[in-house]
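Below are some notes on the aromatic side chains of this model. Please read them against the coordinates.

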Amino acid sequence: CARRRDETLCGGIVTVSDDNGSFVEIAPWHWQALDAVGAAQTWTALAMFVTFLVTRYDLGDVVPRCWWTHGALVEELTALWAAWTAAYVDPHASADAPILWHERFAASRARIAEWDRLGCAQRGHRDSTPTDWAHEADAFDAFVQADLRSRSAAGRLHAATEEDRPY
């Protein structure tokens with residue numbers, strides 16, 4: 001997929017191959033779906049956006065220089081980039097899209113500061129300690145099955161109520 005950097009920065013579509021060998025187009029901010037080529041383009045474009053953001057808004061004390069090493073920050077900055085693209089690049093965006101972006105940007109800055117709990121923005125990069133957290137598949141599956149059964153029962157109740165109506 002040959003894309004110019006500015007196309008990706010502006011939210012261009014990235015073409016990746018799926019598990020069947022077919023090619024699909026995705027937005028460049030869908031990290032889990034990107035192949036190596038798409039990810040390389042997206043990393044480059046996101047770095048350009050973060051550099052612009054930090055420089056334009058004087059955020060050197062907010063956005064850690066090591067932002068790319070922290071998953072939550074990557075996701076937050078990617079979301080900001082996607083929203084900025086929609087507000088500033090889309091020719092069909094509403095006139096108030098930039099101010100709405102700035103409102104979301106204010107909330108985003110607070111989350112960035114919260115996710116920089118290691119203080120990388122102020123004191124340099126620090127590796128986080130992995131949390132001992134594991135998905136409890138059996139408990140999750142049991143919960144989902146119970147939820148689905150209750151939804152089925154609620155659906156049958158709703159259908160019975162509909163049938164019993166006198167009109």
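1. Rings of Phe, Tyr and Trp (its six-membered ring) pair if their centres lie within 6.5 Å; planes under 30 degrees apart count as stacked, over 60 as edge-to-face and the rest as tilted. Ring pairs of this kind join Phe49, Phe52, Tyr57, Trp84, Tyr88, Trp101 and Phe105 into a cluster.

2. The model is predicted: local features need pLDDT of at least 70 and side-chain atom pairs count only at pLDDT 80 or more, while totals for chains, interfaces and linings use all residues. Residues are numbered from 1 along each chain as its sequence is written, and side-chain values use heavy atoms, with hydrogens and water left out.

3. There are eleven aromatic pairs in the structure. Tyr88 and Trp101 form an edge-to-face pair, because their ring centres are 6.2 Å apart and their planes stand at 80 degrees. Tyr88 belongs to helix α3 (residues 71–88) and Trp101 to helix α4 (residues 97–115), so the pair ties together parts 13 residues apart in sequence. Helices here are DSSP runs of H or I, at least four residues, numbered from the N terminus.

4. Trp101 and Phe105 are stacked, because their ring centres lie 4.7 Å apart with the planes at 20 degrees. The two are four residues apart in helix α4, so about one helical turn separates them.

5. Trp101 is buried at 1% relative accessible area, and Phe105 is buried too. Tyr88, at 37%, is partly exposed. Buried means under 20%, exposed over 50% and partly exposed in between (1.4 Å probe, protein chains only).

6. Arg109 sits over the face of Phe105, 4.6 Å from the ring centre. The criterion is CZ of Arg, or NZ of Lys, within 6 Å of the ring centre and within 35 degrees of the ring normal.
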